[in-house]
Amino acid sequence: MKRRFRPGLKTGVYAAIPMTELIAPALSLRDVRKTYPGSPPVEPVRGITLRVMPGEMVAVAGPSGSGKTTLLHLTAGLERPTSGTVQIAGQHLAALSDRELAGLRAWRVGVIFQQFFLLDALSAVENVAAALLYQAIPAARRREIATTMLDLVGLGHRLWHRPRELSGGEQQRVAIARALAGNPAVVLADEPTGNLDQATGQEIMALLGELNRDRGVTLVVITHDAAVAAAAGRQIELRDGRVVSDSGRPPGTERQAP
Amino acid sequence: MTAPRSRLRPADVLRAGTTGLRYRRGRALLSALGIAIGIAALVAVLGITRSSQSALLAEIDQLGTNLLTVTNGQTLDGHEAELPGYATTMIRRVAGVEQAAPTAILASARVYRTGKVPVFDTGGLAARAADPSLLAVLSGSVRQGTFLNAATSRYPVTVLGYQAARSLGVAGLDSPGPPPRVLIGGQWFTVAGILNPLPLAPEIDRSALVGFGVAGSLLGYDGRPSRIYVRTDVTRTAQVAALLGPTANPENPGGAAVSQPSAALTARLAVAAASTALFLGLGAVALLVGGIGIANVMVIAVLERRAEIGLRRALGAARTHIAAQFLAEALILGALGGAAGLAAGTSITAVIARSRHWALLIPAAGLWGGLAVAIAVAGIAGLYPAARAARLAPAEALRTI
């Protein structure tokens with residue numbers, strides 16, 4: 001059951017997705033905790049339960065130190081929770097080996113970082129194509145998909161530029177194209193506008209909103225900026241590692257009483 | 001729906017391995033340099049040794065190992081024993097002896113260019129009485145003029161060894177006018193010929209040779225040979241060598257010393273082999289240092305590229321993929337260094353072989369082995385950095401920027 005994201009297609013994205021996948025959450029966390037050993041131990045995430053359905057655009061807001069980045073790493077499969085369960089696209093992380101977890105990141109998750117994290121030695125198209133490396137897609141096909149993705153984010157004319165030769169906004173567009181290239185079930189963005197000026201930040205948020213609206217990309221945007229959070233359809237507020245408010249919690253995910 | 005496992009194509013491992021090198025070319029070149037120097041040293045040492053050995057072997061082959069010399073030995077009480085006058089005749093009767101040529105040093109006859117040279121200035125030259133068969137026994141050749149023959153042996157005529165001619169300033173016999181003369185034992189001798197160098201008989205190189213007849217009549221020769229050159233049947237050299245002493249001097253078998261001049265050349269081979277081991281050791285040390293250099297640079301690269309490692313993990317790289325990427329980088333460095341080292345070592349060998357007129361010979365095993373060793377050293381050097389890169393927790397790698 002493999003569905004491939006075809007950016008060129010004009011038809012609605014949902015048409016190609018079976019009903020079962022529409023119902024399964026893209027992301028599901030149940031009482032997730034993360035503790036780092038030390039004295040005293042640090043516990044940035046203290047029992048988060050949340051569910052993101054396919055096609056949702058969710059903003060996770062909160063002051064710094066509220067556990068946002070750790071939450072992103074947990075939902076991206078870059079870290080495993082100390083307790084609780086994380087499911088990405090219906091798959092439990094706990095049972096997975098390193099190789100399988102890496103596969104989940106390669107096939108199901110796209111990540112956008114505040115610092116862009118583009119490889120300086122590679123051109124824009126090679127940076128985007130790098131997202132498909134670990135799906136073992138042949139080089140020519142990777143480049144083809146990467147070109148399409150850069151077209152989609154409006155950088156079709158900048159394919160062979162190095163990151164240094166691009167503006168901040170352009171670099172973040174490359175990073176967005178890279179996050180989408182693998183056709184992930186969920187795209188996670190960590191302060192995507194944090195390194196950009198306000199106008200460019202608004203452009204990037206507009207692009208993300210457009211991708212969510214027109215292409216059904218499931219998006220979780222982590223931010224401390226209320227204006228950025230307002231651009232999402234649903235806002236979740238974190239404080240001290242806990243969810244303190246959720247504007248559109250889907251039914252059945254109410255926090256259990258402690 | 002289970003996601004497939006993360007996979008990386010082998011070609012992409014190589015491509016990822018070159019990314020870091022392409023980005024930091026200068027550093028890649030420097031870190032490959034150590035390996036290159038080590039391999040160049042190894043290849044050059046192997047090549048130079050092999051080329052010089054083959055030249056030496058060819059020389060030995062050409063001169064033959066079947067030449068023996070019989071000289072005055074020592075008596076039991078430590079005095080020099082003289083060979084009897086009939087020694088040459090006796091030796092010629094030994095089975096396995098093909099030719100024998102006697103020579104006698106004429107200790108009292110000094111060699112000078114003119115009578116005006118101070119008497120103590122002998123130039124280290126000696127006068128020797130020699131038989132016309134000497135040239136054939138030594139496989140020697142005449143550079144200019146002619147060798148002694150039955151006729152000239154009775155007259156004051158001399159043939160100079162190569163070094164002797166140079167020391168005496170006898171440049172050639174071709175110049176117009178009377179042939180050059182030299183003063184031997186107070187008598188003028190006409191120079192009839194000059195010999196080419198004789199590697200197996202360097203003493204002849206420094207001698208003025210005269211016939212036995214004239215040595216007896218003019219230079220007080222007593223009829224006893226001091227050194228007899230013997231050419232043997234190639235297959236029986238050892239047996240003949242054992243028989244020569246008792247045959248030459250039956251009354252005092254220890255009074256004749258038998259030696260094999262080619263043994264000295266063979267000993268040079270052994271010396272060359274010994275110094276080869278030394279230089280190979282030095283090359284190995286250079287390789288070791290080169291390997292440590294690569295390990296060092298790679299550890300720094302891993303620290304510097306934490307963000308890249310974190311990013312690749314986020315893009316779906318498993319630990320093994322990160323390790324493979326850094327290991328590939330080390331192996332590529334090793335291969336580059338090894339290839340450069342091979343080229344350098346081969347050129348060094350070629351230049352030296354050319355200047356010494358040797359045939360250029362490098363053992364093929366040395367070339368392939370050199371490349372394999374370079375890659376192996378780099379691979380071992382890359383293991384630790386690769387393991388460190390793989391161990392790096394992705395979340396931590398992304399956070400510490």
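Asp31(A) is partly exposed, with 15 other C-beta atoms within 10 Å, where a residue counts as buried if 20 or more other C-beta atoms, placed from the backbone, lie within 10 Å of its own, as exposed if 12 or fewer do, and as partly exposed in between. In this predicted model, local features need pLDDT of at least 70 and side-chain atom pairs count only at pLDDT 80 or more, whereas totals for chains, interfaces and linings use all residues. Residues are numbered from 1 along each chain as its sequence is written, and chains are lettered from A and ligands numbered from 1 in the order in which they are written.

Asp31(A) is not a glycine, yet has a positive phi of about 45 degrees, and this residue is found in strand β1 of chain A; helices (H or I, at least four residues) and strands (E, at least two) are DSSP runs numbered from the N terminus. A positive phi, of about 50 degrees, is also found at Phe117(A), again not a glycine, in the loop between β6 (109–112) and α4 (124–129) of chain A. Phe117(A) is buried, with 22 other C-beta atoms within 10 Å. The loop between β1 (27–36) and β2 (42–52) of chain A holds Pro40(A), which is joined to Ser39(A) by a cis peptide bond with omega of about -5 degrees.

Chain A as a whole contains eight helices and ten strands, and buried residues make up 47% of its 258 residues. Of the contacts in chain A between residues at least 6 apart in sequence, 70% join residues at least 24 apart, a contact being a pair of residues whose C-beta atoms, placed from the backbone, lie within 7 Å.

The largest nonpolar core has 137 residues, and those with the most contacts inside it are Val128(A), Met149(A), Ala177(A), Val186(A), Val220(A) and Ala378(B); such a core is a set of buried Ala, Val, Leu, Ile, Met, Phe, Trp, Tyr and Cys residues joined through C-beta atoms within 7 Å. Helix α2 (residues 25–63) of chain B gives the most to this core, with 14 residues. Apart from this core lies another, of 57 residues, among them Phe212(B), Val214(B), Tyr221(B) and Tyr229(B).

In chain B, helix α1 (residues 10–23) packs against helix α11 (residues 319–355) at an angle of about 65 degrees, with their axes 8 Å apart; axes are lines fitted to C-alpha atoms, for helices over the stretch in contact, and angles run from 0 to 180 degrees between N-to-C directions. The two helices α1(B) and α11(B) are therefore roughly perpendicular to each other, a term that covers angles of 65 to 115 degrees, while those under 35 count as roughly parallel, those over 145 as roughly antiparallel and the rest as oblique. Residues of this contact include Val13(B) and Leu14(B) of α1(B) and Ala324(B) and Gln325(B) of α11(B). By class, this contact has seven nonpolar, four polar and one charged residues, with Ala, Val, Leu, Ile, Met, Phe, Trp, Tyr, Cys and Pro counted as nonpolar, Asp, Glu, Lys and Arg as charged, and the others, Gly among them, as polar.

The axes of α2(B) and α11(B) come within 6 Å and cross at roughly 35 degrees, and the residues of their contact divide into 20 nonpolar, eleven polar and no charged.

Between the chains, the contact takes 27 residues from chain B and 30 residues from chain A. On the side of chain B that touches chain A, α10(B) gives the most, with five residues.

How values were computed. Two residues are in contact if their C-beta atoms, placed from the backbone, lie within 7 Å.
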